[in-house]
Structure formats: C-alpha cells, structure tokens
Amino acid sequence: ALKDARSTYVAHLADDDIWLPNHLSELELLLKSCDFGNLLQADVHPSGRIKLRTGSLGDPATRDRMLKEKWNLFGPSAAGYRLDAYRALPLGWSPAPEDIWTDLHMWRKFLSCDGITAGTRYSVQCIKITDSRRREMTLEARFEETKSLVEKYASPQAQQEFQTICFEMV
C-alpha cells in the first residue's frame with residue numbers, strides 16, 4: 001500500500017484502538033514540523049482505568065530508550081510520518097525480529113536514520129483498549145468492546161472530559 005500511496009502523511013489505525021475526531025488534524029499539525037512522530041496515547045481498560053503514556057520523541061533519552069530497550073512510548077495508532085521520510089528509509093516495513101514488536105522495529109528505523117526529524121505533540125486523540133483478554137475473544141466480542149468505548153466517547157463533551165482526565169495525569 002505504501003509503495004502506491006500518494007498522500008503527504010501516513011497514519012495507521014489498529015483494530016483495538018479508537019481515534020477521536022481531531023486525530024488526523026492534530027497529527028498533521030505535528031508532521032508540519034517533523035518527519036515522524038506521535039500524539040499521546042491513552043490506554044483504557046474496560047474497567048474504566050486510564051493510563052496516559054507521556055514522554056517525547058524530542059527527548060534524546062526517550063529516543064535512546066526506544067532504540068536500545070524493548071520499550072515503546074506509543075503504538076501504531078498514535079504515530080504518523082511523512083511519506084517522503086518513509087521512502088527515504090533504507091528499508092521500510094519488514095518483518096521484525098521475534099523479540100521486538102513490529103511497530104517498535106519500524107520506529108527504530110525512523111529514529112536511527114540521519115536527516116529524519118522526530119517529535120511528539122501533547123494532544124490526546126488516540127484510545128488504546130488494553131484488555132489482556134482480547135486475544136482470546138471472538139471477533140464479535142472484540143467488536144462489542146470497541147463499540148461500547150466508541151459510544152462512550154461519541155459526544156464532544158465526553159471527549160473533552162476524557163482529555164481533561166488524561167491531562168490531569170501529567
């Protein structure tokens with residue numbers, strides 16, 4: 001798909017994540033100033049527990065940690081990149097070693113490539129469902145779990161309340 005893409009930006013959405021309505025516009029604001037980056041990701045458990053992943057790709061220690069440890073600040077749904085930056089990589093998406101997550105393997109390519117800039121925008125527009133039982137759930141059950149969260153955060157007021165809760169964690 002990326003070989004034939006003609007867009008300026010690339011963003012991914014995993015099946016267990018939800019984008020809030022301003023996700024792509026916020027990502028575009030970020031990618032006007034860097035080649036690769038992320039918005040903040042909020043992990044939401046079905047019990048209602050929320051954990052905001054904070055950190056910044058502008059911080060050398062964060063980049064170094066992602067390059068050297070099995071640690072990821074964000075998943076694919078909170079990330080974006082410029083298509084021209086992706087095409088400048090020596091190797092794009094490819095199978096990851098067994099001990100590294102596929103998305104972290106890809107992020108490391110961006111972070112280790114000279115000339116590619118990285119950044120983080122402190123905007124919460126991505127909800128990651130963190131139910132450890134999802135792998136064993138049927139597709140229908142996964143759909144219902146996702147649907148219930150989409151419905152919960154459908155209104156602008158609910159989205160604003162969610163974002164307020166997240167930023168109170170910072």
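Guide: Let's start with α4, whose buried residues are Asp103, Leu104, His105, Met106, Trp107, Arg108, Lys109, Phe110 and Leu111. Buried means under 20% relative accessible area, exposed over 50%, partly exposed in between, with a 1.4 Å probe and protein chains only. Bear in mind that this is a predicted model: local features need pLDDT of at least 70, side-chain atom pairs count only at pLDDT 80 or more, and totals for chains, interfaces and linings use all residues. Numbering runs from 1 along each chain as its sequence is written, and side-chain values use heavy atoms, leaving out hydrogens and water.

Visitor: Why is α4 called largely enclosed by the rest of the structure?

Guide: Because 9 of its 11 residues are buried. Those buried residues pack against β3 (36-44), α2 (60-68), β5 (79-82), α3 (83-88) and β6, where contact means heavy atoms within 4.5 Å. Helices (H or I, at least four residues) and strands (E, at least two) are DSSP runs, numbered from the N terminus.

Visitor: What makes the buried residues of α5 line one face of the helix?

Guide: In α5, Arg142, Glu145, Thr146 and Leu149 are buried. Down the axis they fall within an arc of 90°, so they line one face; the arc is that of the directions from the helix axis to the C-beta atoms. The face turned away from that buried side carries exposed Glu140, Phe143 and Glu151.

Visitor: How do you know that the span of α5 agrees with its 14 residues?

Guide: The expected span is 1.5 Å times one less than the number of residues. For α5 (residues 139-152) that should be 20 Å, and the end C-alpha atoms are 20 Å apart, so it agrees.
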